[in-house]
Number of protein chains: 2
Amino acid sequence: MSSEAPCTRDKILQSTLALLEAREVQSVRMGDIAKRSGISRQALYLHFKSRAELLIATTRYVEDIHDVDARLLPSRTARTGLERLDAYIESWGEFLPKIQGIAKALIVMSETDSEAAAAWDDRMQAMRSGCAAAVKALKRDKQLSPQHTVEQATDILWMLMSFQNWQQLTQACGWPPATYGKKLKQMARSILVVDAGG
Amino acid sequence: MSSEAPCTRDKILQSTLALLEAREVQSVRMGDIAKRSGISRQALYLHFKSRAELLIATTRYVEDIHDVDARLLPSRTARTGLERLDAYIESWGEFLPKIQGIAKALIVMSETDSEAAAAWDDRMQAMRSGCAAAVKALKRDKQLSPQHTVEQATDILWMLMSFQNWQQLTQACGWPPATYGKKLKQMARSILVVDAGG
DNA sequence: TCGGTTACTTGACATCGTGTCAATTGACTT
DNA sequence: AAGTCAATTGACACGATGTCAAGTAACCGA
């Protein structure tokens, strides 16, 4: 439970997460995380061998906290392909804001660290599997537009749902979360579904 | 002409560009650029006050070389809204591969340098104007889907045409350039156009 | 031909963040 | 009393950016 005194490792992960949500990624240094965790900078290296490893661990920590699997349940139990598509976009749209900080950090880290790149890629491939499943369900229902192969449709849905697009629409364009969800469903239907009734 | 001996500043810009196209962004250091330009590292600072400024100057240099304005001519002279949309996507799709290196560099630099961020944002806003113009032409032709406001339609087209999406589709998904162009036009029509024939 | 300017060189150095190492402390076991 | 474990302190190497000072070589105009 969170009311118990967390062990040092958990304190570090919590601090990292809090800082990433509060500030610009690059301004979250090992020293800052240590200070906020109430330990020395060197002690961080007793728990994580590098900054990259700490960020990767934080990613897993976030997914644990928010119970990704439970969130995706409605999309897996959907009856029709359309329902599944909508449910998947919906859950993802609710999940994205929660991983914002760590996602940005991991993307930036990916430029210099191949393990970070692999970790982020792994999460994105997991998300892609969900896209592939939704597309497959559409295909099964004969609702997939003949304009695209199954592969292409998956690529397209994956692209639409990318973290960068979410960032651009909600941050740069100022779309509220509800608009993001609604519009993304519209777009996915317009592109992928044969009879795009909304 | 390029057969004349270029001045030092131009040599630097050419070297920067060549290196950014050949290698990972972060591995292009001031020292590398200097070596390739045949001058000392310190001499770089006689021409550009920082790495960020050099990258920004390189961006302008690339746009000069490839004559962006001329490229966009067909989209500006298009008769119908649909023609304009297609022409704009087409030119952008041809232009993107050429700015790949410097674009990635500027995006990475944006994390740490606010001037670089402003420079990239400026280019993206310019691209957005083109999107707005295409959407307006569709609206004029009564071909804009009533699902979206003009503003939203612009946001959507802007998102679809983003550098990150191009990267994801051509690199991660392995789409050939021709497929990228064709599919992007399809997607834009499906989402934005009222009678999405095509 | 002298003097000045311009472009560039060399070498040393400050700064910042990551990551490492060695010696030490303090608490809890057995 | 001895041992172990988590953490501390302080020093330090490394790599990259950016700065500074002194020197050089070519060119240009009076």
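Is B:F95 buried or exposed? B:F95 has a relative accessible area of 4% and is buried (under 20% relative accessible area; exposed is over 50% and partly exposed lies in between, with a 1.4 Å probe and protein chains only). The model is predicted, so local features need pLDDT of at least 70 and side-chain atom pairs count only at pLDDT 80 or more, while totals for chains, interfaces and linings use all residues. Residues are numbered from 1 along each chain as its sequence is written, chains are lettered from A and ligands numbered from 1 in the order in which they are written, and side-chain values use heavy atoms, with hydrogens and water left out.

B:W92 is also buried, at 9% relative accessibility. B:W92 and B:F95 are three residues apart in helix α6 (residues 81-110) of chain B. About one helical turn therefore separates them. Helices are DSSP runs (H or I, at least four residues), numbered from the N terminus.

Aromatic pairs were counted for rings of Phe, Tyr and Trp (its six-membered ring) with centres within 6.5 Å; planes under 30 degrees apart are stacked, over 60 edge-to-face and the rest tilted. The count over all chains is six. In the pair B:W92 and B:F95, the ring centres are 6.0 Å apart and the planes stand at 50°, so the pair is tilted. In chain A, ring pairs join A:W120, A:F163 and A:W166 in a cluster.

Charges over rings were also found (NZ of Lys or CZ of Arg within 6 Å of the ring centre and within 35 degrees of the ring normal). A:R128 places its charged end over the ring of A:W158, 5.1 Å from the centre. B:R128 sits over the ring of B:W158, with its charged end 5.1 Å from the centre.

DNA strand D has 15 residues around it (a residue is near if one of its heavy atoms lies within 4 Å). A:T8, A:S40, A:H47, B:R29 and B:R41 come nearest. The largest share, four residues, comes from α3(A).

Of the atoms of DNA strand D within 4 Å of the protein, 60% belong to sugar or phosphate and the rest to bases. For B:Y45, the corresponding distance to a phosphate oxygen is 3.3 Å. B:R41 instead approaches a base oxygen, with a polar side-chain atom 2.8 Å away.

Notes: A polar contact is a pair of N or O atoms within 3.5 Å; within protein, one must be able to donate a hydrogen and the other to accept it, and residues adjacent in sequence count only if both atoms are side-chain atoms. Helices (H or I, at least four residues) and strands (E, at least two) are DSSP runs, numbered from the N terminus.
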